[in-house]
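The following note is meant for a colleague who is new to this structure.

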Amino acid sequence: MQSYHRVHVQFRKRDRKLVAEMLNKGRESARVLRRASILRQLDAEQVADNVGVAPKTVRAIARRYVEEGLESALYEKPRPGQRRVLDAGQSQRIMARVCGPPPQGQARWSVRLIAQEAVKRKLARRVGRETIRILLQHHELKPWREKNVVRSRTG
């Protein structure tokens, strides 16, 4: 097993006060509070055991504090994520379409039908069933159930 050198952390007075306030209030996420606790306990030998994380995590947090400061040690950098398939406008247009009557020859909307119609009507360039399912779930719509669809009273 590879041995790592111990990182010594010397808190600045302002940082010590900020971490103490953060731990007392408890308004941050559990991850941030755990990191703050790690930084506070870094002088002790058994920090990883006390906090319940791997020693590598303790070293990483300590190194980030020493090299980049308190902010970097406590908070994560934004993670790169996949771009959304549908923007807000496309989602709204699809939802408006779903709230209307289904296409000719169809009794009701299905997830697959919504995806096909969105592409066919150029509401979205490419969209999958799972994207539509999540969109419907987010708006709490179940168009395949007649009673959950809002329709105007015409005729």
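1. Glu140 lies in the segment after H8; helices (H or I, at least four residues) and strands (E, at least two) are DSSP runs, numbered from the N terminus. Glu140 is not a glycine, yet its phi is positive, about 55 degrees. With a relative accessible area of 72%, Glu140 is exposed (exposed is over 50%, buried under 20%, partly exposed in between; 1.4 Å probe, protein chains only).

2. This is a predicted model, in which local features need pLDDT of at least 70 and side-chain atom pairs count only at pLDDT 80 or more, while totals for chains, interfaces and linings use all residues. Residues are numbered from 1 along each chain as its sequence is written, and side-chain values use heavy atoms, with hydrogens and water left out.

3. Lys122 belongs to the loop between helix H7 (111–120) and helix H8 (129–138). Its phi, near 60 degrees, is positive in a residue other than glycine. Lys122 counts as exposed, at 74% relative accessibility.

4. Glu117 is placed in helix H7 and counts as buried, at 6% relative accessibility. Neighbours within four places in sequence aside, Glu117 is in contact with Arg97, Pro103 and Trp109 (contact means heavy atoms within 4.5 Å).

5. Helix H2 (residues 30–41) packs against helix H4 (residues 55–68) at an angle of about 80 degrees, their axes being 10 Å apart. H2 is therefore roughly perpendicular to H4 (65 to 115 degrees). Arg35, Ile38 and Leu39 of H2 meet Val58, Ile61, Ala62, Arg64 and Tyr65 of H4 in this contact.

Terms used. Axes fitted to C-alpha atoms, helices over the stretch in contact; angles between N-to-C directions. Parallel < 35°, antiparallel > 145°, perpendicular 65-115°, else oblique.
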